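Me: I have a structure open and would like to talk it through with you. Could you go over it with me, piece by piece?

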Amino acid sequence: MSNVVGRAVNKLNHLFFKTVGKHIGMGSPVSKSTWEQQYSSDVWDYLENPDEAEHYECIVEFYKKYTSSNASILDIGSGKGVLYSYFKKWQPVSFFGIDISDNAVKAAAKQFPEAKWETVNYDNQYVDGKFDVVIFNETLYYFTRPVKTIKKCLDENMKSNGLFIISMCEYEGHDKIWKDLEKVLTVKEERTITNSKGQTWVTKALVLKLL
Ligand SMILES: C[S@@+](CC[C@H](N)C(=O)[O-])C[C@H]1O[C@@H](n2cnc3c(N)ncnc32)[C@H](O)[C@@H]1O
C-alpha cells in the first residue's frame, strides 16, 4: 500500500473509530506504510526519554512480581525495543519482539541482537510458539478488534496460566476496551501512571478468567 493510500485508510479508520468504534470496543488500525514511514524518521524516539520511563518500569515490575524466573516474553508491537532495554537493565530475559514495521524490527535487532525480533502483522499473521508472558505495550488499540486479538493470543501464543501485561494511554474509547477485556481476563494488579507532562497510562497484569 502506498503512503498516500495508507494515510487515506488511516483517516477513514480514525473517523470510524471516533464516531462508532470507540463506543463498541474497537481499535483504530494504522497502515503498515505509515508505521514504516514513522520508523524511518524519529517520530517515536521520544519513547526513550526519561519522562516515559515509569510506565515501562511498571511492566518490568509486574513481570518480576507475577512470574517465575526466566519466564518467556512475547512483546506484540515491540517497536524499536524500548521495553526490552528496561528488561535488559535488570537482567537477561527470554524475549521475542514482533512488530508490523520492518524498520522498527531492523532497528531493534541492530541495537539488541541478543533478543529475537520478527516482522509480523499480528492482525492476520501467525506466530509460532507459546509464551509465559504476552505484553501489549501501547499497541492493543491499534488492532481492529482488541478482544479478538487477545483471544487469538490465548489460542495460539499463550501458555496455560500465562500472564498478560497490557498498557494503554488514557484516550477516548480505551475505557470500553478495558471493560470488554475484563469479561475475558481477571486483573491481578493495575496501576495508573501520570508523568510530568500530564500524560496518563493505565497498566494492568491480567490472567485468563476462570469460568
Ligand atoms: C505506540 S507504538 C509502541 C511501541 C512499543 N510497544 C513501545 O512502547 O516502545 C505501537 C506499535 O505497534 C505496532 N503495531 C501496530 N499494529 C500492529 C500489528 N497489526 N501487528 C504488529 N505490530 C503492530 C507499531 O508498528 C508500533 O511499533
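Me: What does helix α5 lie across, and at what angle does it run to β3?
Reply: Helix α5, residues 102-111, lies across β2 and β3 and runs at about 165° to β3. Helices here are DSSP runs of H or I with at least four residues and strands are E runs of at least two, numbered from the N terminus. The angles are between N-to-C directions and run from 0 to 180 degrees, with axes being lines fitted to C-alpha atoms, for helices over the stretch in contact; contact means C-beta atoms, placed from the backbone, within 7 Å.

Me: And which strands does α4 lie across?
Reply: α4 lies across β1 (73-76), β2 and β4, and its direction is at about 170° to β2.

Me: Before I go on, what sort of model is this?
Reply: This is a predicted model, in which local features need pLDDT of at least 70 and side-chain atom pairs count only at pLDDT 80 or more, while totals for chains, interfaces and linings use all residues. Residues are numbered from 1 along each chain as its sequence is written.

Me: OK, the sheet. In what order do the strands come?
Reply: The 7 strands form an open sheet in the order β3-β2-β1-β4-β5-β7-β6, with mixed pairing, where two strands pair if DSSP finds at least two bridges between them. At the edges stand β3 (116-119) and β6 (185-194), each with a single partner strand, so one side of each is left without a neighbour in the sheet. On average, neighbouring strands of this sheet are turned by 15° against each other, with direction ignored.

Me: How many bridges join β6 to β7, and do they run parallel or antiparallel?
Reply: β6 and β7 (residues 200-208) run antiparallel and are joined by 9 bridges. T194 has T200 in β7 as its bridge partner.

Me: Stepping back, what is the overall pattern along the sequence?
Reply: The protein has 7 helices and 7 strands, and read along the sequence they follow α-α-α-β-α-β-α-β-β-α-β-α-β-β. The radius of gyration, taken over C-alpha atoms, is 16 Å, close to the 17 Å that the globule rule gives for 211 residues, so the protein is as compact as a globular protein of that length. That rule is 2.2 Å times the number of residues to the power 0.38.

Me: Last topic, the ligand: which residues come nearest?
Reply: Of the 19 residues around the ligand, G77, G79, V82, I100 and Y122 come nearest, a residue being near if its C-beta atom, placed from the backbone, lies within 6 Å. By class, the shell has 9 nonpolar, 7 polar and 3 charged residues. Nonpolar covers Ala, Val, Leu, Ile, Met, Phe, Trp, Tyr, Cys and Pro, charged covers Asp, Glu, Lys and Arg, and the others, Gly among them, count as polar.

Technical notes. Two residues are in contact if their C-beta atoms, placed from the backbone, lie within 7 Å.
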